[in-house]
Structures are given as structure tokens and as C-alpha cells.
Amino acid sequence: MSLLVSLKREAWFLMRDRGLLSWLLVITCLSTFSVWSGLAEVEQQRATIERLLIADKEDRIAELAKQSDWGSAAYYSFHVTYDPPSDFAFAAMGQRDTLPWKHRLRMLALEGQIYEHDAGNPELALIGRFDFAFFAAFVLPLILIFLLHSLKANERVAGRFDLLNATARNDLMLWRTRAILIALSAASATILPMLLAGAASGVGAITLFSAAALVGLYVVFWVVVCVLFAGWERSAQVVLSALVGVWILLGTILPTGGRLIVDAFVPVPTGADILMTQREAVNDAWDLPVEDTMTPFVERHPEWTGYIHTGEGFDWPWYYAFQQVGDQKTEALSLAYQQGRLERDRMAGLISLITPPALLERLLAQLAQTDLRTAIAYENRVRAFHAELRTFFYPMLFQQQAYDAGKLTDLPRFVSGGAFSRVAP
């Protein structure tokens with residue numbers, strides 16, 4: 001009963017605190033802006049995918065109408081692959097800001113096409129996107145620090161500290177109650193815009209509850225830190241400086257230092273290395289003996305062992321064979337790149353256990369399906385689709401079948417989620 005009375009008294013006191021109400025308004029506005037920014041980006045990406053799919057189909061139909069052989073049909077037809085944002089992606093854009101989520105492919109050497117993507121915004125790459133995850137992980141703790149650092153110090157300065165302790169039945173409960181109410185208010189102002197946007201976007205209840213719980217636990221962590229420092233018998237300025245130092249340590253120094261350590265211990269080739277290696281392999285194939293191309297190709301596709309190319313003049317089957325051999329020569333490098341990134345991500349996950357801001361961002365990105373593993377899964381779906389294209393065209397090319405545009409109705413088409421439909425081009 002005494003706890004309820006204490007909560008009512010402190011709630012009434014805080015409701016008359018204009019400073020606190022102003023900060024809560026700031027939190028609500030910033031959280032709303034971060035959610036709106038994420039929703040706008042998600043809508044833009046979805047609209048981009050829709051435009052690409054329409055333009056891709058029109059372009060492919062127009063190009064295929066001009067062709068008269070299978071090699072040209074494969075060469076001039078482009079195919080859009082894409083990874084649409086999830087309903088909850090607005091809260092944490094994650095790797096979608098730095099890694100490609102759409103490609104326009106041809107049936108040429110693939111690995112270079114995967115790692116050759118649109119240039120990103122360098123300023124965005126430097127400062128990151130102001131989405132809900134960034135706001136909750138990095139901005140909200142600063143506001144909580146400003147709200148809670150002077151929990152006792154201001155009362156000491158005002159000369160009310162001893163009086164409040166004397167009149168309270170439990171002085172420790174007094175400060176804890178005040179801190180809890182401030183934290184609940186700040187957490188509610190932060191979470192409510194995200195929940196409303198998620199519900200309007202059709203996000204599942206489990207996902208929204210998990211995100212709200214993560215943010216709530218994160219707020220609890222910072223409240224505990226702030227209350228511990230607020231009990232320090234020092235001036236408010238000293239307590240504030242110490243808390244900001246903790247924020248810088250957990251939010252900047254440890255994650256940056258951890259990344260440097262991970263990068264040093266897990267060397268990873270770059271996408272540019274793969275791109276250059278593949279281009280050199282493909283370009284060199286023009287001047288190499290035919291056997292140097294066809295031998296490794298038929299090892300992967302023994303069904304075409306009987307194919308013979310004299311080496312005189314241009315030949316489409318030989319051309320696509322050395323395109324695939326270019327991919328084969330970069331397989332080890334590409335696999336090392338993928339495994340290295342996953343290992344770095346795993347180690348970064350371990351380091352995030354001691355850096356709560358980074359941990360919260362990672363967990364929200366996982367809920368939003370914008371983490372590294374989701375991005376790599378999309379890359380692998382692109383590879384699987386490209387393999388489908390080769391499976392479709394190789395029999396026509398190597399069996400030297402007569403060109404029949406009607407067969408193009410079975411041309412594979414990329415569909416989100418990894419399935420491939422065979423529909424009209």
C-alpha cells in the first residue's frame with residue numbers, strides 16, 4: 001500500500017515538472033521521426049522494386065523479340081533479383097544501407113555481378129541512418145542520462161535532500177520510485193510510435209512484443225547505471241561527466257576497438273578482389289587454348305563432354321563455358337569472403353555482449369531481417385537463380401537446338417523468397 005502511495009505522490013510531482021515533460025515530448029518527436037524515416041525508406045525500396053520489375057519485363061520482351069539464336073537471347077536478356085524489406089525493416093535498416101538488395105543480372109560470369117552494385121551515399125555510410133534502432137540504442141541513453149544524473153544532486157543543491165529523506169519512510173525507495181517513473185515515461189514515449197507504426201504495417205505481435213521488450217530491458221540497464229552514479233556524493237556536473245564517459249565507452253570506444261580487433265584477427269578478401277579476379281579470368285580466356293576452358297567446364301558439367309569446339313571463330317557455347325569457368329576460379333575466394341564475413345559477424349556478436357548499444361542494434365536488425373545473415377542468404381538465392389538460368393540455356397546451346405522463341409515461356413524468373421517461377425518472359 002505504501003508503494004502505491006509513493007508512486008502516486010511521485011507521479012503527481014513529476015507531472016508538474018515542466019522540464020521532464022519537455023524531455024518526454026522530445027523523446028516522442030524523435031522516436032516518431034525515426035519511425036517515419038524508416039517507413040519512408042521501406043516504401044521507397046518497395047516502390048523501386050515494383051518499378052524495376054515492370055521495366056525489367058518490358059525490356060526483356062523487347063530485347064528477346066530482336067534475337068534469332070539462343071546465345072544472343074541469353075546475352076541480351078537481363079533479370080532482376082531483389083530482396084524486399086520486411087514489414088519491420090522500418091525499425092532497423094541494418095545491412096540494407098550498405099549491402100545490395102537488388103541486382104540486374106545476365107547469364108554471364110556471376111560473382112562479379114553480385115559484388116558490382118550501386119554506389120552508396122558516403123555520408124550515410126559514415127554517420128548511419130537515423131532509424132528507430134539508432135535512436136533507441138544511442139540517443140535515448142543520453143536523454144536518460146540528462147534526466148537521471150541529477151536525481152539526488154539537484155535536491156542537494158536545492159537544500160531539500162535531507163528533508164525528503166527524513167519525511168520518506170524509505171529514502172532508498174523514494175529515489176528508486178522516482179527513477180522508475182521517469183524510466184517508464186521515457187520508455188513509453190519511445191516504444192509507442194514504433195508499436196503504432198508496426199501495427200499499421202502488419203508486423204506480427206510477437207515481433208512487436210520482442211522489440212518492445214528489448215527496448216524496455218535496455219532502458220532498465222541505463223536506469224540502473226544512472227541510479228548508481230546518481231547516488232555518488234558528487235556534484236551534478238561530475239556525475240553527468242562520468243555517465244557521458246560511460247556512454248562514450250559503451251557506445252563508441254568498445255565497439256570501434258572490437259571491430260578493429262575482429263578485422264585484424266579475421267582477414268577477409270574484398271568484393272573488389274573477387275570482381276578483378278573474375279574479370280581477369282574471363283578476359284584471359286579469349287587468348288587461351290580452348291582446352292583450358294572446356295576441361296574445367298566439363299568437369300563441372302560432364303553431360304557436355306562430347307561437345308567439340310574447333311577454336312575457329314566465335315562460338316556461343318564456348319563463350320558461356322569460359323564465363324562459368326570464371327566463376328569457378330573465384331569460388332574459393334568468394335567462399336572465403338562469405339565465411340569471413342560470417343565469422344566477423346559472429347565475433348562482433350560476442351563483443352556486443354559487453355556493449356549494450358551495439359547489442360540492441362544487432363537484435364533489432366535480426367527481428368527486422370536486415371542483418372548480415374539475411375543479406376548473405378539473399379546472395380545465395382541469387383546464385384541459385386543464376387544456376388537455373390544456366391540449366392535452362394545450356395541444353396539449347398550445347399545441343400545446338402534450332403531457335404524457338406516459344407520455349408522462352410519457360411524462362412526462369414526470380415521470385416522473392418527463393419522460389420523460381422517459369423513464366424512468359
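Biologist: Before we start, what do buried, exposed and partly exposed mean here?
Modeller: Buried is under 20% relative accessible area, exposed is over 50%, and partly exposed is in between, with a 1.4 Å probe and protein chains only. This is a predicted model, where local features need pLDDT of at least 70 and side-chain atom pairs count only at pLDDT 80 or more, while totals for chains, interfaces and linings use all residues. Residues are numbered from 1 along each chain as its sequence is written, and side-chain values use heavy atoms, with hydrogens and water left out.

Biologist: OK, how many salt bridges are there?
Modeller: The count is 14, taking a salt bridge as a side-chain nitrogen of Lys or Arg within 4 Å of a carboxyl oxygen of Asp or Glu.

Biologist: What does Glu331 pair with?
Modeller: Arg300, at 2.8 Å from N to O. Glu331 sits in helix H14 (residues 316–351) and Arg300 in helix H13 (residues 290–300), so the bridge ties together parts 31 residues apart in sequence. Helices (H or I, at least four residues) and strands (E, at least two) are DSSP runs, numbered from the N terminus.

Biologist: Switching topic, which residue does Asp83 bridge to?
Modeller: Arg96, with N and O 3.6 Å apart. Both partners are in the loop between strand E1 (79–82) and E2, 13 residues apart.

Biologist: And how accessible are those two?
Modeller: Asp83 is buried at 11%, and Arg96 is buried at 8%.
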